[in-house]
Amino acid sequence: MDWGQILDTAAGELLSPVTAAYALAAIGIGVHFGYAGLLNFGQAGFMAIGAYGFVVPTLVLDFPVWAAFLTSIVASVLFAFLLGIPTLRLRADYLAIVTIASAEIVRYVVSTTGLTDVTGGAAGLSGFSGGFNALNPFPDGIYGFGPWTYTENQLWVRVVGWSLVALASVLVFLLMRSPWGRVVKGIREDEDAVRSLGKNVYAYKMQALVLGGVFGSLAGVIYVLPRAVQPANYGTTLTFFIWTMLLLGGAATIWGPIVGAMIFAALLTLSDGILRGLISADIVTFISGTQAGQIRFMIIGVVLMLLVIFRPQGIFGNKKELSFNV
């Protein structure tokens, strides 16, 4: 077993654009669930909307990068309204049912053969990052050190991705310490009490749903920039991964979604590397290489169960603040 290579690969995942996308999507669910008490089980749908909202205008309509980003944001806002208008006046579980179903509907729609010319069908789309890379201010070369060594384009997508994570975190930090944030957190605790004070609970819920959805949409863009966009990547598993990251770090916290995403990505890669190394060294003989991919998810699941049992508020969470959902 090459422990150095295994550890380098896991360390490299800490700053990968996929991890940045995970963190951004987890921040979105943090706004929904951690602060507003909304049960969104369809963040993968927002990510798919964001990804296709960026890729399709770029390839089909030849949009510039800024316009493609704007299209992605507008599409996520419309999607949030589509989900929120019929459900936010009802109990929270209705939103959970609608979001998980709508995310699957989005995935099936973009993978249908009838839209292959637009969405690429089940095969997805690629070759859309040229305009984004053309904006790269970094000269050609190799940057960084150790496991964090990148080409100019790899560095560029990481800078953009983690900058969006930083901006989203600052925005959430400021909003949650504003009068708007205090109302939203009040709705999480007791929306009837907030309604008795004359606040429009429905409007605040919708605003929180839109804000978290926009973060999810931007996460979808960062998620596909270094790769092709494929509908198979936006199943319910992706949403549950993001929920795991949020709970791991702490739902109603600023740092929780970011640290949770980094730990999750590193643990997933590390466990996979260790398992495959043990199998290749014939130390573990009762499982195959194909089974290793599933066993690592079992390991993550056990870690999450232990976390929920012994620290349900997450690494950075405040148990008193999260007493409403513990």
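## The hairpin

Let's start with the hairpin, which is built from strand 1 and strand 2 with two residues between them. One of the turn residues, Gly146, has a positive phi of about 55 degrees. Keep in mind that this is a predicted model.

Strand 1 covers residues 142-145 and strand 2 covers residues 148-151, and the two run antiparallel, paired over four bridges. If you want to trace the pairing by eye, look for Phe145 facing Trp148 of strand 2. Further along, Tyr143 sits opposite Tyr150, again in strand 2.

## The overall build

Stepping back, the protein has 13 helices and two strands. Its radius of gyration is 20 Å, close to the 20 Å that the globule rule gives for 326 residues, so the protein is as compact as a globular protein of that length. Along the principal axes, the C-alpha atoms fill a box of roughly 65 × 50 × 40 Å.

How much of the protein is buried? Buried residues account for 50% of the 326.

## Surface and charge

The accessible surface comes to about 14900 Å², and carbon and sulfur atoms hold 67% of that. As for charge, there are 17 positive and 16 negative side chains. The centres of those two sets lie 13 Å apart.

## Two residues on helix 5

Helix 5 spans residues 92-111, and Arg107 is part of it. Is Arg107 buried or exposed? With a relative accessible area of 19%, Arg107 counts as buried, because the cut-off for buried is under 20%. Setting aside neighbours within four places in sequence, Arg107 is in contact with Pro231, Tyr234 and Gly235.

Leu95 is found in helix 5 too. This leucine is buried, at 2% relative accessibility. Once neighbours within four places are left out, Leu95 has contacts with Leu38, Leu39, Thr87 and Leu88. For a sense of distance, Leu95 and Thr236 are 141 residues apart in sequence, while their C-alpha atoms are 15 Å apart in space.

## A loop residue with positive phi

Now for Asp62, in the loop between helix 3 (43-60) and helix 4 (65-87). Asp62 is not a glycine, yet it has a positive phi of about 60 degrees. Where does its side of the story sit, buried or exposed? Asp62 is exposed, with a relative accessible area of 65%, as the cut-off for exposed is over 50%.

## Leu307 on helix 13

Last stop: helix 13, residues 289-310, where you'll find Leu307. Leu307 is buried, with a relative accessible area of 13%. Which residues does Leu307 touch, not counting those up to four places away in sequence? They are Leu247, Leu248 and Pro312.

Leu307 and Leu247 are 60 residues apart along the chain, and their C-alpha atoms are separated by 8.5 Å.

Key:
Residues numbered from 1 in each chain as written. Predicted model: local features only at pLDDT ≥ 70, side-chain atom pairs only at ≥ 80, totals over all residues. Heavy atoms only, no water. Rg over C-alpha atoms; globule rule 2.2 N^0.38 Å. Buried < 20%, exposed > 50% of the residue type's maximum accessible area, 1.4 Å probe, protein only. Areas by Shrake-Rupley, 256 points an atom, 1.4 Å probe, with all protein chains shown as cover. Lys, Arg positive; Asp, Glu negative; His and termini not counted. Charge placed at Lys NZ, Arg CZ, Asp CG, Glu CD. Contact = heavy atoms within 4.5 Å. Pairing = 2+ DSSP bridges.
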